[in-house]
Amino acid sequence: MTASRARFSLAACALLGLGLAVAPAQAQAPPNGEPPPLRIYLDCRTCDDDYMKQEIPWVEYMRDRTDADVHVLASGEGLGGGGMQYYINFIGRGEFAGVSDTLQYTHGITDTDDERRQGLTRTVQLGLLPFLANRPQARDIQIVYRPTDTTRSPRATTAQDDPWNFWVFRPNMTGSFDKQDRSENYNIRGGLSASRTTREWKLDFDLNGNVRRESRTLSSGSEVRNDRDFWNTSGMLVKSVGPHMGMGVRASASSSTVSNRKFSLEFAPAVEYSLFNYDEATRRQVTVTYAVGINSFEYIDETIFGKMEETVAKHSVDIGASFRQPWGTASGSIEGSNYFHDASLRSLSLGANANIRLFRGFGLNISGNADWIRDDLSTKANLSDEDVLLGRRNLPTNSRYRSSIGFNYTFGSIFSSVVNPRFETRRGRGGPGGF
């Protein structure tokens, strides 16, 4: 064995010995026979885990919910003003079995990321206090109340409090340019959305556009171009009808070179029924939506049905379901539509995805979609080879299928409390790459 290999083996044994020496020290029982810290399982996709662990150090974070005293399950839904409302469920396990509570936290669209994580962390702290009351750590906690406004009594926000009358506007614009000796392309996209949401009414308006230009110079010296244009404007008005129903209307106008539509117009009233109360939508939701409307099309090129323009009536039924529970998340939908003037022009779409924890540390991820398409009225009749190769037009098809399946498995230490951010930028957080 060479001297260098011997030194390497000695260093490896030293590191292994150090690891074995350190590991037991971190797993020692609390002194004086006191109960261990409250153990929680943080189940929140949008939380800053590291920040929360640093701000709430008086609990032990577990890697699997079956080892926890409290399962903290957070889910959220978007608000009309562009913010987010979180529902944070505290589900007791073990000695706290049967004990549960739910708190809410809301942030606005103008809140910074730091303000959002502070508010979410503060809400989690409040929810954990009842579970901590009989633990030794409770003696080290102080509760301080600092009212942010002592002049106003709590009440619901009204339109008179808001100079914008609940309206929120979001303009956006993005541009890119790429040029080489034999190729050139640029892409400009932009949009504007406006929304107003109250408990009784919901209004949404969107305007989007995309202009894309590409050119390639072939070895023969000839130039091949691939130009695509798209714009769309849409609006939706919804009226709340009790805790289980809503009625509304949607209208849209658009143009798309890829879809062979010079101009299209749609107007469709709809009604939706929710099996569960809408207040439960962040945890469970099953809805049935029926819509019937008029569609008017003007095409760029003649379609496979020999049309350059047409106006037709259409109706559709959409059944959707979504669940976010301690065992994981699952959602699915089935949608069918049919044109009135020709019963053979119909479509059916099925979709489902799930992320399920089957047993300790093991999660299964499944997703799939299937579309049976018999109602694409706008497909171009005679597609050229360039249309096919460059994707300048949608290709005719009667079906489309997509699926994926995967799993993740984690084993080892049951604890997940330590935060150590050293060298994190070298693991993909925007730094200069790994070793």
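**N165.** I looked up the exposure of N165 in this predicted model and found that N165 is partly exposed, with a relative accessible area of 31%. I then placed N165 in the chain: N165 sits in the loop between α3 and β6 (167–179). I checked its backbone as well; phi of N165 is near 55°, which is a positive value in a residue other than glycine.

**N260.** I went on to N260, another residue other than glycine with a positive phi, here near 60°. N260 belongs to the loop between β10 (245–256) and β11 (261–274). Is N260 buried or exposed? I found N260 buried, at a relative accessible area of 1%. I noted the class assignments against the cut-offs: the 31% of N165 counts as partly exposed, because buried requires under 20% and exposed requires over 50%. The 1% of N260 falls in the buried class because that class covers values under 20%.

**Sheet.** I traced the strand order next. Five strands make up an open sheet, and I read the order as β2-β1-β3-β4-β5, with mixed pairing. Which strands are at the edges? They are β2 and β5 (100–107), each of which pairs on one side only. I recorded an average twist of 30° from one strand to the next.

I looked at one pair in the sheet in detail. β4 and β5 run antiparallel to each other, and eight bridges join them. Within this region I picked out F90, which stands opposite D101 in β5.

**Nonpolar cores.** I listed the largest nonpolar core and counted 23 residues in it. L38 and L128 have the most contacts inside this core.

I followed L38 through its contacts, setting aside its neighbours within four places in sequence. What remains is V59, E60, D69, V70, F96, L128, F131, L132 and R135. L128, a partner of L38 on this list, is also the other residue named for the most contacts inside the core.

Methods
Residues are numbered from 1 along each chain as its sequence is written. This is a predicted model: local features need pLDDT of at least 70, side-chain atom pairs count only at pLDDT 80 or more; totals for chains, interfaces and linings use all residues. Side-chain values use heavy atoms; hydrogens and water are left out. A nonpolar core is a set of buried Ala, Val, Leu, Ile, Met, Phe, Trp, Tyr and Cys residues joined through side-chain atoms within 4.5 Å. Buried means under 20% relative accessible area, exposed over 50%, partly exposed in between (1.4 Å probe, protein chains only). Contact means heavy atoms within 4.5 Å. Two strands pair if DSSP finds at least two bridges between them. Helices (H or I, at least four residues) and strands (E, at least two) are DSSP runs, numbered from the N terminus. Axes are lines fitted to C-alpha atoms, for helices over the stretch in contact, and angles run from 0 to 180 degrees between N-to-C directions.
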